[in-house]
Structures are given as C-alpha cells and as structure tokens.
Amino acid sequence: MKRILLVVSLAMATQLGFAQKQKVNSAWNYLKYEEYDKAKAAIDEAEANEDSKGLWKTWYYKGLIYQTIHEKKLEQQLNAGDALMAAYEAYKKSLEIDPKHDYANEAVNNIDKVRLEYSNMAFDLYNAKEYEKSFAAFKMRIKIYDLLKIYSPTLPTDTGTIYNVALIADKVKKYDEAIGYYEQLLTFN
C-alpha cells in the first residue's frame, strides 16, 4: 500500500511540474497570437512556480511579454505595473540563469531596446519639465548600459548619458550625485 501511495505521489508531482513548464509554452503561444492578457497570466503563474521559475525560458518569455505590454501601452489595462522595468529584470534573470542560452543574443538586444526606451522616456520627461523623473530614467539607462557592457565589452562608455545625468542632478539639486557624475566624466577625459 505504501508503494502505491508513493508511486501515485511521484506521478502527481511529475504531472504538476510538467504542467507548469507547459504554462511557459502557453505564454509564448498566447503572445504569438496577441492574447496579451492570457500570456501575462500564464507567465506570471509559471514564474511563481518552483518547477518553472528556475528556467531561463520562463524569464526570457516574461521579458518578451512585458516588453510587448509596454510597447502596446497596456500596462494599466492588464495591471502590469512598470512593464518596462519588469521586462529588463526578466531578460537580466534569463541571462543570470544561463548566459549562453538559445536566445541569449536576443535577450541582450532586447535589453538594449529597453535602454533606448528609457532614453526616450528621459528626454520626454525632461522636455515636460519633470526633472526628477527624467533623472531617474537617465540613471536607469546608465544602469542598463553597464549591464550591456558585461555582455558586449567593446561598447564605448556612454559619456553623453553620464553628462546628461550630471546636468539634471544639478538641476534637481542633487549636488553630491552631480559631482560624482562629473568626476566620472573626468576619468574618461
């Protein structure tokens, strides 16, 4: 009787693990057919599950889904919070789990797209005179660029962004941070 219970328990555990990995594939299919609400629900469920949260594919697909939600401006409708930040964190996690996974190059390219989106956001916020938010967006751009340099060491230093952050830090009276950025610029001549 104990053996039968053990076999049944193992079979159920295996089935649940397989079902959660299936959620990852379902999320991809929902994204492909533009069913963003279902894609988000499936990937959120897969991310929360022990069997699938350790898979690079879970995080890569989450990055794709959340980046698309941001691009389609569906964050509020789908209750996705800061979808752009979620996409960045997901791509980053996929590379932390396996830096050479099947879509590692695409993950790095998508991280660069997220960086460019933060850049656009920073300039738009600056032009709208929302300097604090612009400052935060430029700082995020620097953070993402630093990550990109790990995967593409030949990238040049982004002195333009560092200069912009220094100027905005000055404008929002964050003088210590401004000095830090100006000093960093001096090290790059």
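What we have is a predicted model, in which local features need pLDDT of at least 70 and side-chain atom pairs count only at pLDDT 80 or more, while totals for chains, interfaces and linings use all residues. Numbering starts from 1 along each chain as its sequence is written, and side-chain values use heavy atoms, with hydrogens and water left out.

I start with confidence. pLDDT is the predictor's confidence in each residue, from 0 to 100. The protein chain has a mean pLDDT of 89, and 89% of its residues reach 70 or more. Residues 5-19 stay under 50, and for that stretch the model has two contacts beyond four places in sequence. Contact here means heavy atoms within 4.5 Å.

Next, the overall make-up. The protein chain has eight helices and zero strands. Helices are DSSP runs of H or I with at least four residues, strands are runs of E with at least two, and both are numbered from the N terminus. Of the 189 residues, 39% are buried, meaning under 20% relative accessible area with a 1.4 Å probe, protein chains only. Among contacts with a separation of 6 or more, 57% join residues 24 or more positions apart.

Now the helix pairs. Two packed helices are described by the angle between their axes and the distance between the axes. Axes are lines fitted to C-alpha atoms, for helices over the stretch in contact, and angles run from 0 to 180 degrees between N-to-C directions.

How do α4 and α6 lie relative to each other, parallel or antiparallel? The axes of α4, residues 83-97, and α6, residues 131-151, come within 12 Å and cross at roughly 20°. The two are therefore roughly parallel, the term for angles under 35 degrees, with over 145 counting as roughly antiparallel. On the α4 side, the residues in contact include Met-85, Tyr-88 and Leu-95, and α6 brings Met-140, Ile-144 and Leu-147 among others. By class, this contact has seven nonpolar, no polar and four charged residues. Ala, Val, Leu, Ile, Met, Phe, Trp, Tyr, Cys and Pro count as nonpolar, Asp, Glu, Lys and Arg as charged, and the others, Gly among them, as polar.

The second pair is α7, residues 159-171, and α8, residues 175-187, with axes 8 Å apart at an angle of about 155°. These helices are therefore roughly antiparallel. Tyr-163 and Leu-167 are among the α7 residues in the contact, and Tyr-181 and Leu-185 among those of α8. That contact divides into eleven nonpolar, two polar and two charged residues.

Terms used
Parallel < 35°, antiparallel > 145°, perpendicular 65-115°, else oblique. Buried < 20%, exposed > 50% of the residue type's maximum accessible area, 1.4 Å probe, protein only.
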